[in-house]
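These are my notes from going through one structure. I wrote down what I looked up, in the order I looked.

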Amino acid sequence: MEDLLAVTEAGLYCAAGDFFVDPWRRVPRAVITHAHADHARTGCGRYLCAAAGKPVLRIRMGSNAVIDTVRYGEPTTINGVRVSLHPAGHVLGSAQVRLEHRGQTWVVSGDYKLEADPTCAAFEPVPCHVFVTESTFGLPVYRWPEPAVVAAEINAWWRANRDAGRTSVVLAYALGKAQRIAALVDPEIGPIVGHGAVMKLVEAYRASGVRLPSIDRVPPRARRVGGGRALVIAPPSVLGSPWLKLFGETSVAVCSGWMTVRGVRRRRNVEKGFVVSDHADFPGLVAAIDASRAERVLVTHGFADVLARYLRERGRDAKPLATRFTGEALGESGDDDESTAEYNGGEPPDTQPAPP
Ligand SMILES: [Zn+2]
Ligand SMILES: [Zn+2]
């Protein structure tokens, strides 16, 4: 039987339904897992996304984009292919795409995580014949601490900085990670301040009904914002920019799964690293793949070869799916999601775990 999805020049294509899933070129019809730049490109004729993700996709794709939505779990039909979207737990509105046609069921995971996150719907396993999974952190060294443990670490760091009159700056992707950090920390410690790029998406989150603590904007021509007490949430691109000087003395931290590994923090020249990821860790990937009950697993977007080999050794039919996301293409997709940006321009991380 012919595969329901195939990799083409423009991305993952469903010939039966004549549409793409997360295409990397402009195509007439795109089903989108989520609004990160490496999954959602501007200029497509029509987009389909989960209803919860429309406000953020609108910000990213512009006011002229034609965006259709379905609610999670609610099926629609595109040229005879039954399509439904299911929570991926990655960022607000993120979805796994389920396709069903002539008795074949495929699920494309997009990016996902299994940890609880109050800013988006929790990952739901979707049984299928073929599971196309991401593998951003598909090495056994990647194992996340409990969210409550990381929250306590961030709060302790913020409190100590505040007591020393130093502004705490957290570098986090503007879509997803920034809002998750805001929801994770203790707002009693001091004011939370958001970079403009973060605030645009904070508003979209609020418009979608996500509860977040009060977050202040940086007023124009401000000096010494937050009086050395604030937690500033900003995208990684502010590192080394004059914008950071607005806050006087600072301590800068990165929140990322890559912080598991020794050397990544040092190379980025930041004082502190917290292990917070919006992707599944290695045990999470394996658990999600098991939960899919798939007969066949296609691995993309990260350490595809390693994870596929691991799955084969455990008796699964698994192989890497060669897409734009593999090999040297890493790092091309903009400073948006951990999938790509933390590599520092394609340089793979060390595989040495950080000391406890
Ligand atoms: Zn993503
Ligand atoms: Zn991604």
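**Entry 1: the whole chain.** I count a residue as buried when its relative accessible area is under 20%. With that cut-off, buried residues make up 57% of the 356 residues in the protein chain. I note here that the model is predicted. I then looked up the secondary structure and found seven helices and 19 strands. I also checked the contacts with a separation of 6 or more, and 61% of them come from residues 24 or more positions apart.

**Entry 2: the zinc site.** Which residues coordinate the zinc ion (ligand 1)? I found His34 through NE2, His36 through ND1, His90 through NE2 and Asp111 through OD, at 2.2 to 2.3 Å. Along the chain, the spacing of these donors reads H-x1-H-x53-H-x20-D. Next I looked at the angles. The four donor atoms around the zinc ion (ligand 1) subtend 90 to 167°, so the arrangement is irregular. To count as tetrahedral, four donors need all angles between 85 and 135 degrees. For comparison, I wrote down that the ideal angle for four tetrahedral donors is 109.5 degrees.

I then looked up where two of the histidines sit. His34 is in the loop between strand E4 (29–31) and strand E5 (46–50), and His90 is in the loop between strand E8 (81–87) and strand E9 (95–101), so the pair ties together parts that are 56 residues apart in sequence. Are His34 and His90 buried or exposed? Both His34 and His90 are buried.

**Entry 3: the open sheet.** I followed the strands next. Six of them form an open sheet in the order E1-E2-E3-E4-E5-E6, with mixed pairing. Strand E1 (6–8) and strand E6 (67–70) are at the edges with a single partner strand each, so one side of each has no neighbour in the sheet. From one strand to the next, the twist averages 35°.

I picked one pair to look at in detail. Strand E3 (residues 19–21) pairs with E4 in the parallel sense, over two bridges. Here Phe20 is opposite Ala30 in E4. Helix H1 (residues 54–61) packs on the sheet and touches E5 and E6. The direction of H1 makes about 145° with that of E5.

**Entry 4: two helices.** I then took helix H2 (residues 147–163) and helix H3 (residues 177–184), which pack at an angle of about 80° with their axes 10 Å apart. That angle makes H2 roughly perpendicular to H3. Which residues make the contact? From H2 they are Pro147, Ala151 and Ile154, and from H3 they are Arg180, Ile181 and Leu184.

**Entry 5: strand E12.** My last stop was strand E12 (residues 167–171), which is mostly covered, with five of its five residues buried. Thr167, Val169 and Leu171 point one way from E12, while Ser168 and Val170 point the other way.

E12 pairs with strand E16 (residues 250–255) in the parallel sense over five bridges, and Thr167 is opposite Thr250 in E16. Strand E15 (residues 231–234) also runs parallel to E12 and is joined to it by four bridges. In that pair, Leu171 is opposite Ala234 in E15.

Methods: Residues are numbered from 1 along each chain as its sequence is written. Chains are lettered from A and ligands numbered from 1 in the order in which they are written. This is a predicted model: local features need pLDDT of at least 70, side-chain atom pairs count only at pLDDT 80 or more; totals for chains, interfaces and linings use all residues. Side-chain values use heavy atoms; hydrogens and water are left out. Donors are N, O and S atoms within 2.8 Å of the metal (3.2 Å for Na, K and Ca); water is not among the atoms, so sites may look incomplete. Four donors count as tetrahedral if all angles lie between 85 and 135 degrees; four count as square planar and six as octahedral if opposite donors are over 155 degrees apart and all others between 65 and 115; anything else is irregular. Buried means under 20% relative accessible area, exposed over 50%, partly exposed in between (1.4 Å probe, protein chains only). Two strands pair if DSSP finds at least two bridges between them. Axes are lines fitted to C-alpha atoms, for helices over the stretch in contact, and angles run from 0 to 180 degrees between N-to-C directions. Contact means heavy atoms within 4.5 Å. Angles under 35 degrees count as roughly parallel, over 145 as roughly antiparallel, 65 to 115 as roughly perpendicular and the rest as oblique.
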